[in-house]
Amino acid sequence: MSSGKSFYIATPIFYVNDVPHIGHAYTEVAADVLARWHRQSGDDTWLLTGTDEHGQKILRTAVANNVTPREWADRLVETAWKPLLETINISNDDFIRTTDERHENGVRLFLEKLYDDGYIYQGEFEGHYCVGCEEYKQPSDLVPGTGEFEGQQVCAIHTRPVEVLKETNYFFRMSDFEQPLLKLYRDNPDFIQPESVRNEIIQFVQQGLRDLSISRSSFDWGVKLPWDDSHVLYVWFDALLNYITAIGYGTDQENFERRWPAVQLVGKDIARFHAVIWPAMLMAAGLPVSQRVFGHGWLLVGGEKMSKSKLTGIAPSDITDTFGADAFRYYFMSAINFGQDGSFSWEDLSARYQAELANGFGNLASRVIAMINRYYDGSVPQPGEYTDADLAIQKTLASAVTKADAAMQRLAIHEAIEAIWTLVDDLNGYITINEPWVLAKNEETRERLGTVLYMTAEGLRALAVLLSPVIPEATAKLWAALGFTSPLTEQRIPEAGSWGVLQPGATVDTLPPLFPRVEQEQA
């Protein structure tokens, strides 16, 4: 359970070269669920997200649209990226942009320290550069092109030709940190997760690290180097620093020490930046490395990773307009083992919505509230003596809380939901076996009826608390229907397993369907 300590979690900051798709939303929701869980566990929680707005890719996109890079970034942030957070109900504490003055000032401070300490030098470099990745590629990162790119070497991720660049740049002495990084991975096995990503990163570093080119002089859209304004900072070196500039690096030491280090959720394709370059940068600056880097899998559509460049992305609103934000959040957090690749299909989403949310959880809540209103005029009944079946439900709840919290600490969100859902299933089975509608017909079984309805209502109370981080809208409605006036978000998860919180005599309200029927045509 919670220790009440700092829990700082950050998503990657996303390129504003285009609008977000469900792959971006997937990362946002995962971070949000973890942040909400830790807040409700009593931790000093902070959730950061934002946008990456410098670099050649943004410059080219802006030029193609006949606007300045800043105008393009402002437009995308306000019309697409910030609205995304509302669409999927993200409770972020901060939103940072790499064009923010606070960020750029922090970047310059960091660069000056590394330059003064001898970790940055000038030299010449030639290599294969992928604009889509904003990264120089090694030969092992390239594959033969097909179709219109046949005969060319292309990026394995973007399947587009790389550019051969030769420049006089500034370099970061990353090779100095090859052994310190390997020691970090060895001494802290949980630093990179899941295991598949950890193994890939270790293998990459064991092959030998080269010094990193960190400046460009062929364009000017970026943070200028403090000692040479003819160069702008490499976009990834710039972007990675957002995790510390947002919490006061160089300006608010107290807040920085309160928050750092962070848990960082990233797609597995950018894990190398966060688990190799980023800790090397922090080591050079004498700062603690991140608490953990978790490289989750890709969302696949038709067997392929979604891509803005390939126009295969699905807008989150395409889903939420029909199924709602709660269903979006529940589906992607429960249907996919967090850390592995997962395939999305409309058929699977529709089936799970109906079976698990509408029929499983939603119908359970509606039936229990309706029966209390019908048989007890809306007053929570007094339970009688508990039977073995009643005690089994209480045991299920206690086990669900313990298992779900342990899973959340491992970032195994899908396992946490699975643990909580055992209570949903057991309560539905409990109602089926006890048949409260039959008990209501006989005055001799009225005490048992009261016990059954109290048991199920108290179970719903616990489910509202435990599922609040995942489906915050539906659980807030259920919480209010159960007669509670205190905010659901202030209820502590460690206390959710305590039995008897719902007081007999409390007044319940009516409860409209939490997950309304979706017509087949809509789905």
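Leaving aside its neighbours within four places in sequence, with which residues is Gly-378 in contact?

## A glycine in a loop

Contact here means heavy atoms within 4.5 Å, and by that criterion Gly-378 touches Ile-372, Asn-373, Ala-506, Thr-507 and Val-508 once its neighbours within four places in sequence are left aside. Gly-378 sits in the loop between α13 (346-376) and α14 (388-409), where helices (H or I, at least four residues) and strands (E, at least two) are DSSP runs numbered from the N terminus. Because its relative accessibility is 2%, Gly-378 counts as buried, a class that means under 20% relative accessible area, with exposed over 50% and partly exposed in between (1.4 Å probe, protein chains only). The C-alpha atoms of Gly-378 and His-103, which are 275 residues apart along the chain, are separated by 54 Å.

The model is predicted, so local features need pLDDT of at least 70 and side-chain atom pairs count only at pLDDT 80 or more, whereas totals for chains, interfaces and linings use all residues. Residues are numbered from 1 along each chain as its sequence is written, and side-chain values use heavy atoms, with hydrogens and water left out.

Strand β15 (residues 263-267) is mostly covered, with 5 of its 5 residues buried. Val-263, Leu-265 and Gly-267 point one way from β15, while Gln-264 and Val-266 point the other way. In a regular strand, side chains alternate between the two faces of the sheet.

Two strands pair if DSSP finds at least two bridges between them. Strand β1 (residues 6-10) pairs with β15 in the parallel sense over 2 bridges, and Ala-10 stands opposite Gln-264 there. Strand β16 (residues 292-296) also pairs with β15 in the parallel sense, over 5 bridges, and His-296 in β16 is the bridge partner of Gly-267.

## A buried threonine

Thr-49 belongs to strand β3 (residues 44-52) and counts as buried because its relative accessibility is 1%. The side chains of Thr-49 and Thr-11 are joined by a polar contact of 2.8 Å; such a contact is a pair of N or O atoms within 3.5 Å, where within protein one must be able to donate a hydrogen and the other to accept it, and residues adjacent in sequence count only if both atoms are side-chain atoms. Beyond four places in sequence, the residues in contact with Thr-49 include Pro-12, Phe-14, Glu-28, Leu-85 and Asp-94.

The structure holds 2 cavities of 30 Å³ or more, and the largest cavity has a volume of about 280 Å³. Of the 18 residues that line the largest cavity, Tyr-136, Gln-138, Met-174, Arg-210 and Leu-212 are the closest to its centre. On a 1 Å grid over the protein atoms alone, a cavity is a set of points where a 1.4 Å probe fits but cannot get out, a pocket is an open set with protein on both sides within 12 Å along at least five of seven lines, and lining residues have an atom within 4 Å of a point. Grid points are joined across faces, edges and corners, and a volume is the space filled by probe spheres set on the points. The largest share of this cavity's lining, 4 residues, comes from α10.
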